[in-house]
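Please look over the chain shown below before reading the notes on it. The report takes up a few residues and their surroundings, together with the confidence of the model.

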Amino acid sequence: MKKIALTAALAASLGVSACATSPYGYNDPYYGQNNEQARRAATGAAIGGAAGAVAGAVIPGVSPIGGAVAGAVLGGVLGAVVNGRQYYRDTRGYCYYVDQYGRPVYDYNTRC
């Protein structure tokens with residue numbers, strides 16, 4: 001049981017050790033989209049690593065460390081790609097999503 005807890009803790013720490021996407025770190029106001037994407041990738045890697053470690057401990061033939069690494073990679077990629085927003089295209093061809101206040105927020109780096 002100690003081995004599983006240690007592996008899960010190690011896998012969860014992998015997501016926190018991601019590198020920054022701008023020279024100013026994660027709190028750069030000029031790179032808000034990249035900041036959010038990096039946060040989602042780190043969260044996905046942490047959750048995927050923990051789930052992979054547990055799956056590696058339960059599934060025969062898969063080591064907890066191998067499961068943690070595979071889960072962290074898959075979770076990080078999915079966290080960076082999936083952002084949970086529904087994008088729309090306006091009449092000019094630009095993409096936007098609607099925030100929680102009902103206002104359109106244009107994202108010029110996204111294709112929809």
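## Arg103 and its loop

Arg103 has a relative accessible area of 48% and is therefore partly exposed, a class that lies between buried (under 20% relative accessible area) and exposed (over 50%), judged with a 1.4 Å probe and with protein chains only. Arg103 sits in the loop between E2 and E3, and when residues up to four places away in sequence are left out, Arg103 touches Tyr97 and Val98, contact meaning heavy atoms within 4.5 Å.

## Basis and confidence of the model

This is a predicted model, in which local features need pLDDT of at least 70 and side-chain atom pairs count only at pLDDT 80 or more, while totals for chains, interfaces and linings use all residues. Residues are numbered from 1 along each chain as its sequence is written, and side-chain values use heavy atoms, with hydrogens and water left out.

The chain has a mean pLDDT of 75, with 67% of its residues at 70 or more; pLDDT is the predictor's confidence in each residue, from 0 to 100.

## Two buried aspartates

Asp90 lies in the loop between strand E1 (88-89) and strand E2 (95-98), and its relative accessible area of 13% makes it buried. Its side chain makes a polar contact with the side chain of Tyr106 at 3.0 Å, a polar contact being a pair of N or O atoms within 3.5 Å, of which, within protein, one must be able to donate a hydrogen and the other to accept it, and residues adjacent in sequence count only if both atoms are side-chain atoms. A polar atom of the Asp90 side chain also lies 3.0 Å from the backbone nitrogen of Gly93. Not counting residues up to four places away in sequence, Asp90 touches Tyr96 and Tyr106.

Asp107, in the segment after E3, is likewise buried, with a relative accessible area of 7%. The side chain of Asp107 makes a polar contact with the side chain of Tyr87, at 3.2 Å.

## Val77 on helix H3

Val77 belongs to helix H3 (residues 64-81), and because its relative accessibility is 48%, Val77 counts as partly exposed.

Definitions and conventions: Helices (H or I, at least four residues) and strands (E, at least two) are DSSP runs, numbered from the N terminus.
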